[in-house]
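Please open the viewer and keep the selection panel at hand.

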Amino acid sequence: MPNRARAANSFLTVTLRRIDLDRGDNPVLRDIAWTIRPGQRWLLVGGNGAGKTQLLKLLSGAVWPKPAKRALRRYHLRGESHDTPAGVLEEIAYVGAERQDRYEHYDWNFLAHEVVGTGLQRTDIPMRALTAGEQRRVAALFRKLDIVDLAHRRFLTLSYGERRLVLIARALAWSPKLLLLDEVANGLDSRNHARLMHWLAATGRSAMPWVFATHREPDVPDSMTHLLELGRGRIRKSGPMRPARARELLRQDSREFLAPGGRRRRGNRRRRVLV
């Protein structure tokens with residue numbers, strides 16, 4: 001099998017068609033149509049309340065769409081298709097604020113390398129000592145994210161940004177077939193932001209698909225290949241896009257992205273034509 005075909009078979013393809021999502025009586029997402037394929041690296045943009053987090057949770061299986069006869073949520077991996085995420089839940093890694101907050105809420109103050117090791121074990125807390133091979137794998141992830149100096153520190157003694165990078169290493173230890181990053185650059189100081197951007201740039205050599213939600217122009221990684229823009233729960237833009245164009249889009253819309261629901265101002269404000 002050619003390398004490209006082998007990579008495509010080793011990672012998830014996710015297809016959404018005519019997907020709606022409600023939370024209680026409130027519509028959150030409407031008529032979502034989206035396909036994520038191996039080798040694609042998606043920037044998910046939109047303002048506060050646009051639905052980015054809920055869309056990522058829908059992809060991960062944490063929330064379920066509104067039942068509808070024509071709706072489709074399909075996951076394809078290794079020649080098999082699943083009409084729900086149940087069969088591939090352990091293949092999807094999600095990193096966001098909720099995961100990070102759990103450590104403080106439950107006072108889980110493990111050593112950072114133990115936290116990353118739980119990604120190998122697929123557990124919340126360490127259940128056993130790591131084998132020598134697992135220890136080497138964990139050490140390699142600390143080097144990949146340039147956080148070797150954090151490995152033997154207690155998780156709750158780390159800064160907000162340091163904790164975030166440790167949790168990304170934990171997600172990578174999972175060997176995910178799809179990686180979902182929910183505003184992971186928020187709150188990072190300049191050093192940890194640079195570490196994150198350097199690692200994201202390096203993912204261009206991998207076929208692992210990822211989705212990175214943000215609304216900030218400095219967070220656009222050079223390795224992105226596609227962009228999906230949400231506004232009020234609907235897709236406004238979706239498709240291939242170069243990083244430079246994505247940065248320009250975010251610069252133009254920065255005020256609107258920070259507004260509730262990602263609402264754009266009405267009027268005759270001129271926008272530059274992007275070629």
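A contact means that heavy atoms lie within 4.5 Å. With that in mind, select L196: leaving aside residues up to four places away in sequence, L196 touches L165, I168, V184, A185 and L188.

Before continuing, note that this is a predicted model, in which local features need pLDDT of at least 70 and side-chain atom pairs count only at pLDDT 80 or more, while totals for chains, interfaces and linings use all residues. Residues are numbered from 1 along each chain as its sequence is written, and side-chain values use heavy atoms, with hydrogens and water left out.

**The whole chain**

Display the secondary structure next. The chain has nine helices and 10 strands; these are DSSP runs, numbered from the N terminus, with helices (H or I) of at least four residues and strands (E) of at least two. Of the 275 residues, 49% are buried (buried means under 20% relative accessible area, exposed over 50%, and partly exposed in between, with a 1.4 Å probe and protein chains only).

Then colour by pLDDT, the predictor's confidence in each residue, from 0 to 100. The mean for the chain is 90, and 89% of the residues reach 70 or more. Over residues 261-275 the pLDDT is below 50, although this stretch has 30 contacts in the model beyond near neighbours in sequence.

**The nonpolar cores**

A nonpolar core is a set of buried Ala, Val, Leu, Ile, Met, Phe, Trp, Tyr and Cys residues joined through side-chain atoms within 4.5 Å. Select L43, V166, I168, L179, L196, W199 and F212: they have the most contacts inside the largest core, which has 47 residues. Helix 6 (residues 160-173) contributes the largest share of this core, eight residues. A second, separate core has 28 residues, including L21, L44, Y75 and L178.

**The aromatic rings**

Rings of Phe, Tyr and Trp (its six-membered ring) pair if their centres lie within 6.5 Å; planes under 30 degrees apart count as stacked, over 60 as edge-to-face and the rest as tilted. The whole structure holds five aromatic pairs.

Select Y103 and W108, which form an edge-to-face pair at 5.4 Å centre to centre, with 85° between the planes. Are these two residues buried or exposed? Y103 is buried, at 0% relative accessible area, and W108 counts as buried at 15%.

Finally, select W210 and F212, both buried. Their ring centres are 6.5 Å apart and their planes at 70°, so this pair is edge-to-face.
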